[in-house]
Amino acid sequence: MASTTREKLVSFINNRWLVFVAAMWIQSCAGIGYLFGSISPVIKSSLNYNQKELARLGVAKDLGDSVGFIAGYLSEMLPLWAALLVGAVQNLVGYGWVWLIVTGRAPILPLWAMCILIFVGNNGETYFNTASLVSGVQNFPKSRGPVVGILKGFAGLGGAMLSQIYTMTNSPDPASLIFMVAVAPAVVAVSLMFFIRPVGGHRQIRPTDGASFTFIYGVCILLAVYLMAVMLIQDLAVVSHKVIATFTIVLFFILLSPVLIPIITSFFSDSNGPADTIEEPLVPKREEDQDPGLRTPDLILSEVEDEKPRDVDLLPASERHKRIAHLQAQLMQAAAEGAVRVKGRRGPHRGEDFTLTQALVKADFWLIFISLLLGGGSGLTVIDNLGQMSQSLGYDNTHVFVSMISIWNFLGRISGGYFSELVVRDYAYPRPVAMAVAQIVMAVGHVCFAFGWPGAMYIGTLLIGLGYGAHWAIVPATASELFGLKKFGALYNFLTLSLPVGSFVFSGMIASSIYDMEAERQAHGSVFNPDDVLKCEGSICYFLTSLIMSGFCIIACMLSMILVRRTKSVYTQLYGKTRA
């Protein structure tokens with residue numbers, strides 16, 4: 001009896017679902033960057049910044065959230081818990097120092113030093129993201145879309161959850177939200193860091209995995225709907241502190257409920273032994289492991305790629321192998337007769353493991369990068385400027401829109417992972433087509449912000465949140481499919497560099513310049529105290545910026561469709577057999 005209990009406890013500790021749930025909890029604190037729209041007004045008023053100076057802090061924040069080279073390499077050289085520890089320390093030091101400055105407990109630093117602090121604090125997110133995603137795709141290699149979507153979704157929802165906890169504290173000091181941003185992620189990451197690790201998840205396939213994913217999707221939807229309802233109740237009605245505290249406690253219970261999956265599968269399921277589980281390969285089956293009749297000859301000639309007809313990759317597996325084998329035989333015979341010169345294989349092909357250096361010379365990689373820069377960068381600009389956008393349209397409570405875009409961002413990541421997985425699993429069609437749809441949705445959302453119609457803030461927040469969130473479920477899964485899992489951490493963190501570049505262009509150069517220009521124009525026509533902070537009012541503040549970003553989202557959609565056309569054969573090879 002004691003040995004059985006011990007075996008079940010070991011099974012629970014090494015359960016891939018436990019690692020996944022722990023990663024979800026860490027990710028729920030990894031989206032602190034999305035709270036910048038809530039903390040930026042406090043920083044702006046306390047340090048007397050103008051909009052351009054505040055935009056520079058926003059770019060530093062985005063840069064910190066995206067420069068993950070160190071996190072990517074550390075995740076390959078060190079245990080994942082060590083990477084999480086580094087991220088927790090950075091988060092605490094960076095934002096903790098900002099809190100000390102804003103509250104007057106530390107001397108005011110120049111703008112460049114404040115940018116460094118924001119960069120260091122937000123850079124901790126890259127360690128949380130990298131450790132969670134690496135463990136997720138390694139433990140669930142055949143469910144990358146849903147796993148990435150759920151993990152990135154919880155990162156997007158973190159802003160709304162921390163806002164709710166802040167509301168429960170009932171603090172009269174708005175700077176206390178910065179203190180929460182500094183402390184909460186560090187505490188959660190340190191508490192759970194030893195659970196985040198690869199546990200041989202490809203050997204833990206159970207028949208109940210589909211139901212487990214369904215349960216987690218249900219929890220995700222319940223969490224989003226609950227937070228939205230609580231936010232609207234607290235915004236539209238006068239609610240006592242006891243009721244707010246009750247709302248927050250229920251929120252914690254919903255957040256903890258996914259742990260039931262590893263508990264049930266480890267302690268109350270009969271399929272604990274190796275004989276009761278199925279093993280799935282970490283990578284697609286290599287040709288030497290296939291049936292000898294279908295095996296491609298060992299000699300791989302680069303001429304095959306040049307000479308084979310374009311429609312060969314769309315044929316059934318057996319016919320495709322016969323055609324390629326016949327073409328190889330012809331080329332080998334011609335080479336023996338001196339008719340052609342045989343060249344060695346030049347690097348990996350799509351779907352195999354790439355290093356970052358090998359990926360950087362591929363057009364597909366740069367199509368993903370630029371498409372993410374235009375689509376994701378414009379969405380991030382809205383998130384960073386949401387406080388000023390809502391104030392310019394006459395809304396006083398900016399926390400409502402910050403919470404709303406966190407919730408829609410969350411649902412965008414969940415739905416982006418789910419529907420893109422349906423596209424590749426059911427139709428063997430390239431995943432980037434889902435990104436193209438998301439970018440069209442964002443283009444419409446930017447138009448709503450541009451014209452500032454009644455209710456436009458709500459509609460625009462919905463569309464931008466959904467579209468931006470979908471990028472973070474689709475891009476990592478696409479990168480892992482086209483460029484492999486071996487160097488996934490480095491590849492993923494390089495792609496995220498597109499965000500600070502996009503944020504610098506859209507927010508640091510375009511949005512802030514147009515905002516300050518309109519604010520100065522409005523100030524000249526009214527009585528203005530030089531000591532006051534410049535403010536712009538009306539839809540004109542972000543009209544031109546929003547139209548520019550809408551146009552760039554359409555360009556991003558076109559780039560995504562080019563990527564779809566280029567990678568059709570890859571997805572046919574990866575998922576065509578599954579569909580058959």
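Residues are numbered from 1 along each chain as its sequence is written, and side-chain values use heavy atoms, with hydrogens and water left out. In this predicted model, local features need pLDDT of at least 70 and side-chain atom pairs count only at pLDDT 80 or more, while totals for chains, interfaces and linings use all residues.

**Cysteines**

A disulfide is a covalent bond between the sulfur atoms of two cysteines. Here the term covers a pair of cysteine sulfur atoms within 2.5 Å. The whole structure holds one disulfide. Its partners are Cys536 and Cys541, with an S to S distance of 2.0 Å. The link of Cys536 and Cys541 is left-handed, with -95° about the S-S bond.

The table gives the relative accessibility of several residues. Buried means under 20% relative accessible area, exposed over 50%, and partly exposed in between (1.4 Å probe, protein chains only).

| Residue | Relative accessibility | Class |
|---|---|---|
| Cys536 | 3% | buried |
| Cys541 | 0% | buried |
| Cys115 | 16% | buried |
| Cys553 | 0% | buried |

Cys553 is in no disulfide, and the nearest cysteine sulfur, that of Cys557, is 9.5 Å away.

**A buried lysine**

Lys61 lies in helix 4, residues 51-66. Helices (H or I, at least four residues) and strands (E, at least two) are DSSP runs, numbered from the N terminus. Lys61 counts as buried because its relative accessibility is 2%. Contact means heavy atoms within 4.5 Å. Leaving aside neighbours within four places in sequence, Lys61 is in contact with Gly33, Phe36, Tyr95, Ile118, Asn122, Leu380 and Asp384.

**Helices 16 and 21**

Helix 16 (residues 363-384) packs with helix 21 (residues 488-495) at an angle of about 45°, and their axes are 10 Å apart. Axes are lines fitted to C-alpha atoms, for helices over the stretch in contact, and angles run from 0 to 180 degrees between N-to-C directions. The angle makes helix 16 oblique to helix 21; angles under 35 degrees count as roughly parallel, over 145 as roughly antiparallel, 65 to 115 as roughly perpendicular and the rest as oblique. From helix 16, Phe365, Trp366, Ile368, Phe369 and Leu372 meet Leu491, Phe494 and Leu495 of helix 21.

Leu491 is also a contact of Ala359, as are Phe354, Phe365 and Phe483, leaving aside neighbours within four places in sequence. Ala359 lies in helix 15, residues 356-359, and counts as buried because its relative accessibility is 0%. Ala359 and Leu491 are 132 residues apart in sequence and 8.0 Å apart in space, C-alpha to C-alpha.
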